[in-house]
Amino acid sequence: MFIKLEVIILFLWYKWKFAKRGYAVMKPFMLEANMKQSRADVSLKKADHHVVKITNEIDRVTRALEVKNPCIYNSAIGYLMLRRRNYNVIIKTGVSFPPFNAHAWVEIDGEKYLYGDETVKYTTLCLEEVKS
């Protein structure tokens with residue numbers, strides 16, 4: 001019950017953020033995720049049954065709300081909820097073609113969550129901050 005409420009609140013917050021500033025809102029989370037991936041943090045938890053419960057609820061809520069680009073919402077909400085619970089979560093983005101298709105998902109210790117269709121293979125993109 002509380003997980004579903006948290007998902008809905010985060011969804012509404014992201015919907016407002018995306019409407020106001022576009023998908024560029026995700027860039028800091030992706031940069032932070034890539035930086036945290038590169039260093040070993042032993043205090044973070046491994047994936048367990050709570051991860052599956054949380055990610056399933058996130059997927060159910062976004063499907064029920066029939067949003068465009070659900071993967072970006074799933075990834076953003078999943079990242080915040082799982083990171084808040086001290087899981088070693090990172091956001092991944094990738095592309096596939098032909099035809100061109102972009103996607104986002106979260107990973108915990110190399111295990112994919114909120115990935116969607118497993119038959120589609122995506123080439124993972126690396127997002128790094130460019131200093132000028």
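**Close-up views of a predicted model**

**View 1. Helix H3 meets helix H4.** The axes of H3 and H4 come within 10 Å and cross at roughly 145°. (Axes here are lines fitted to C-alpha atoms, for helices over the stretch in contact, and angles run from 0 to 180 degrees between N-to-C directions; helices, H or I with at least four residues, and strands, E with at least two, are DSSP runs numbered from the N terminus.) This is a predicted model, where local features need pLDDT of at least 70, side-chain atom pairs count only at pLDDT 80 or more, and totals for chains, interfaces and linings use all residues. Residues are numbered from 1 along each chain as its sequence is written, and side-chain values use heavy atoms, with hydrogens and water left out. On the H3 side, look for Val51, Ile54, Thr55, Ile58, Asp59 and Thr62, which meet Tyr73, Asn74, Ile77, Gly78, Met81 and Leu82 in H4; contact means heavy atoms within 4.5 Å. Sorted by class, that's seven nonpolar, four polar and one charged. (Ala, Val, Leu, Ile, Met, Phe, Trp, Tyr, Cys and Pro count as nonpolar, Asp, Glu, Lys and Arg as charged, and the others, Gly among them, as polar.)

**View 2. Helix H1 meets helix H4.** H1 covers residues 2–21, and its axis comes within 10 Å of the H4 axis, crossing at roughly 125°. The two helices are therefore oblique to each other (under 35 degrees is roughly parallel, over 145 roughly antiparallel, 65 to 115 roughly perpendicular, and the rest oblique). Among the H1 residues in this contact are Trp13, Tyr14 and Phe18, and the H4 residues include Ile72, Ala76 and Arg84. The class count here is 13 nonpolar, no polar and three charged residues.

**View 3. Two cis peptide bonds in a loop.** Another joins Pro98 and Pro99, with omega about -20°. Where do you find Pro98? Pro98 sits in the loop between strand S1 (89–96) and strand S2 (101–108), and Pro99 lies in the loop between S1 and S2 too.

**View 4. Asn86 and its positive phi.** Asn86 isn't a glycine, but its phi is positive, near 65°. You'll find Asn86 in the loop between H4 and S1.
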